[in-house]
Amino acid sequence: MNAQTLMAYCLQKQGASLYCPFGPEPVCARIGKRIFAEIFLTRPWVTLKCEPLYGQMLRAQYPETIRRGYHCPPPQHPYNNTVTLDGTVPDAEVLAMLDHSYARALQNLTKAQRAAALAGLQCDEAAGCEALP
């Protein structure tokens with residue numbers, strides 16, 4: 001698994017887009033305004049959202065490869081995992097974690113934001129909805 005494969009997989013998700021809010025790295029995949037993957041290009045890492053118990057289980061299963069979210073504020077650590085893409089975690093498992101992350105991000109949007117994001121629109125509370133660039 002590499003960064004390019006992950007970015008391509010992210011873009012297959014309905015309403016997903018890539019952007020770089022922190023500079024050239026990480027490349028963030030988002031649905032609406034919610035980031036669901038932070039993909040690092042110079043390090044073989046990806047940070048994904050996760051349900052806290054699921055995240056703990058994954059960290060226990062792969063203690064050398066999955067850790068609390070890098071580049072996340074401490075209060076968000078239980079809700080994010082950073083996975084080292086060194087082949088220890090099977091590709092199918094990484095993609096399943098990405099699917100879980102996308103579902104969590106989608107679930108955290110309001111109903112209007114979710115509908116707009118899935119329709120390819122970007123919603124702003126004050127300005128309404130507009131087409132994504």
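Colleague: What makes a residue or side-chain pair count here?

Modeller: Since this is a predicted model, local features need pLDDT of at least 70 and side-chain atom pairs count only at pLDDT 80 or more, while totals for chains, interfaces and linings use all residues. Residues are numbered from 1 along each chain as its sequence is written, and side-chain values use heavy atoms, with hydrogens and water left out.

Colleague: Which elements does the protein chain have, and what makes a stretch a helix or a strand?

Modeller: The protein chain has 4 helices and 8 strands. Both are DSSP runs numbered from the N terminus: H or I over at least four residues for helices, E over at least two for strands. From the N terminus on, the order is α-β-β-β-β-α-β-β-α-α-β-β.

Colleague: Why is the protein chain called as compact as a globular protein of its length?

Modeller: The globule rule is 2.2 Å times the number of residues to the power 0.38, and the radius of gyration is taken over C-alpha atoms. For 133 residues the rule gives 14 Å, and the radius of gyration is 15 Å, close to that, so the chain is as compact as a globular protein of that length.

Colleague: Why is V46 called buried?

Modeller: Buried means under 20% relative accessible area, exposed over 50%, and partly exposed in between, with a 1.4 Å probe and protein chains only. V46 is at 1% relative accessibility, so it counts as buried. Buried residues make up 41% of the 133 in the protein chain.

Colleague: Where does V46 sit, and what does V46 touch?

Modeller: V46 is in strand 4. Leaving out residues up to four places away in sequence, V46 touches L6, A37, E38, I39, N81, T82, V83 and L85. A contact means heavy atoms within 4.5 Å.

Colleague: How do you know which residues line the largest pocket?

Modeller: On a 1 Å grid over the protein atoms alone, a pocket is an open set of points where a 1.4 Å probe fits, with protein on both sides within 12 Å along at least five of seven lines; lining residues have an atom within 4 Å of a point. By that test 16 residues line the largest pocket, with I35, K49, C72, Q76 and N80 nearest its centre. Strand 3 (34-39) and strand 4 (45-49) are the elements giving two or more residues to this lining. Strand 3 gives the most, with 5 residues.
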